[in-house]
Number of protein chains: 2
Amino acid sequence: MELYGFGESGNAYKVALALRAMDVDWTLRPVDFFAGETRGPDFRALNPMGEVPVLVDGTTVLTQSAVILDYLSSKTGRFGGQSAAERREVLRWMFWDNHKLTGIVSQLRFMQNFLAPDKRVPEVIAYLRGRARTGAMILEDHLSAHGWVVGTAPTIADFSLAGYLYFPEEKGLERADWPAIDAWLERIAQIPGWAHPYDVMPRAFPGA
Amino acid sequence: MELYGFGESGNAYKVALALRAMDVDWTLRPVDFFAGETRGPDFRALNPMGEVPVLVDGTTVLTQSAVILDYLSSKTGRFGGQSAAERREVLRWMFWDNHKLTGIVSQLRFMQNFLAPDKRVPEVIAYLRGRARTGAMILEDHLSAHGWVVGTAPTIADFSLAGYLYFPEEKGLERADWPAIDAWLERIAQIPGWAHPYDVMPRAFPGA
């Protein structure tokens, strides 16, 4: 399988992590995001949404990290939950992640670290930080009572929710402030195949 | 089935619309959102994420509109796409909706219309409006070439993406600026069971 991605993309990292944990053969097709590759016509022909990750498996082209994770867990029979009810819970947490955690943390990290300094808007950073903390509090509460997001074993929901939380840049969330999240990130890091995002895919940010 | 919701919630409306289009018997359990009901302990015991919609079907309690829509289409065999590939496309668009359209438009509408005027932040409104328009442009491009979001018939992806777009309040998007979206909203409104959000569930906003 071929994965379009780059080191700074937490959404591509979610997929790369799953591919590694599921022991699937794959190669990286690096995307030059900061030079605008995802906004160009060649990339838009592949994915009109203009986003990584894209996973190509033979003639199947998939986008949206959660859909790719769902596809990979169906194909390998791994990390997808142990019943139809667990699979719905996995989907539920992945939707919540896209809406309320990754969807916010990724914007915040981008604006604080990768956007040109003169385009960073303090009011927007403050707004996103408030929303990121509300999201983190819900995840922290859940993980205070559960070792894994769904059921009693790691699933693609863990990979999805953790995707943006290993990056070293300022994200408006400090792991030390969220002890249950911190311990869970450490548990995920013990899964065979885990590696730090910047060790999984090369960075694309100029000068990184 | 029992649906927890209120008129202003586009996410609850998505589910109500699907229930009506699928001709499922349901009753509304109105939620007093603006008085803080979703943040109270009783509601959190039902849904720790503190969100509507919640659908109760016997002993099954479901949250996240897209998961509920997926459940309903599986249960009724309707509006779920016509193949495994179409079902993945439906999921893909619903994830994109949560991340890039509903996830943005709902924040923008809330801040412009329901938040106390002294708490509205012009910089945040401008930021969200820019992101909402980027999302709308991608949907407009897609609908310029397709009658329905996935395949050749309406699916739950259409209900999801359209959920916030029928409301009359300022959303940072004017239907007239997006002709393909406008025509598609009109097509959806022809599906038996369609009704305007405020005719489906009573409003909860004080004085509405």
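Tutor: A residue is called buried under 20% relative accessible area, exposed over 50% and partly exposed in between, with a 1.4 Å probe and protein chains only. In this predicted model, side-chain values use heavy atoms without hydrogens and water, local features need pLDDT of at least 70, side-chain atom pairs count only at pLDDT 80 or more, and totals for chains, interfaces and linings use all residues. Residues are numbered from 1 along each chain as its sequence is written, while chains are lettered from A and ligands numbered from 1 in the order in which they are written.

Student: Is B:Asp23 buried or exposed?

Tutor: B:Asp23 counts as exposed because its relative accessibility is 69%. B:Asp23 sits in the loop between α1 and β2 of chain B (helices, H or I of at least four residues, and strands, E of at least two, are DSSP runs numbered from the N terminus), and its phi is positive, about 60°, although the residue is not a glycine. In chain A, A:Gln64, in the loop between β4 (60-63) and α3 (65-76), also has a positive phi, near 75°, but A:Gln64 counts as buried at 7% relative accessibility.

Student: What is the order of the strands in the open sheet of chain B?

Tutor: Strands of a sheet pair through backbone hydrogen bonds, either parallel or antiparallel. Here, four strands form an open sheet in the order β2-β1-β3-β4 (chain B), with mixed pairing, where two strands pair if DSSP finds at least two bridges between them. Since β2 (27-30) and β4 (60-63) of chain B stand at the edges with a single partner strand each, one side of each is left without a neighbour in the sheet.

Student: How are the two chains related, and how many residues does each bring to the contact?

Tutor: The size of an interface is often given as the accessible area lost when the parts come together. Chain B and chain A bury about 3,200 Å² between them, 64% of it on carbon and sulfur atoms, the area being that lost to a 1.4 Å probe and summed over both parts. B:Met49, B:Arg92 and B:Phe95 supply 23% of the area that chain B buries against chain A, more than any other three residues. The contact (heavy atoms within 4.5 Å) takes 38 residues from chain B and 38 residues from chain A. A rotation of 180° with 0.0 Å of shift along its axis superposes chain B on chain A, at an RMSD of 0.0 Å, when fitted by least squares on C-alpha atoms of residues with pLDDT of at least 70 in both copies. The two copies are thus related as by a two-fold rotation axis. Because 100% of the interface residues of chain B are also interface residues in chain A, the copies meet through the same surface.

Student: What does A:Val121 touch?

Tutor: Residues up to four places away in sequence aside, A:Val121 touches A:Met111 and B:Glu123. A:Val121 is partly exposed, at a relative accessible area of 25%, and is found in the loop between α4 (84-114) and α5 (122-145) of chain A.

Conventions: Buried area = accessible area lost by both parts, 1.4 Å probe.
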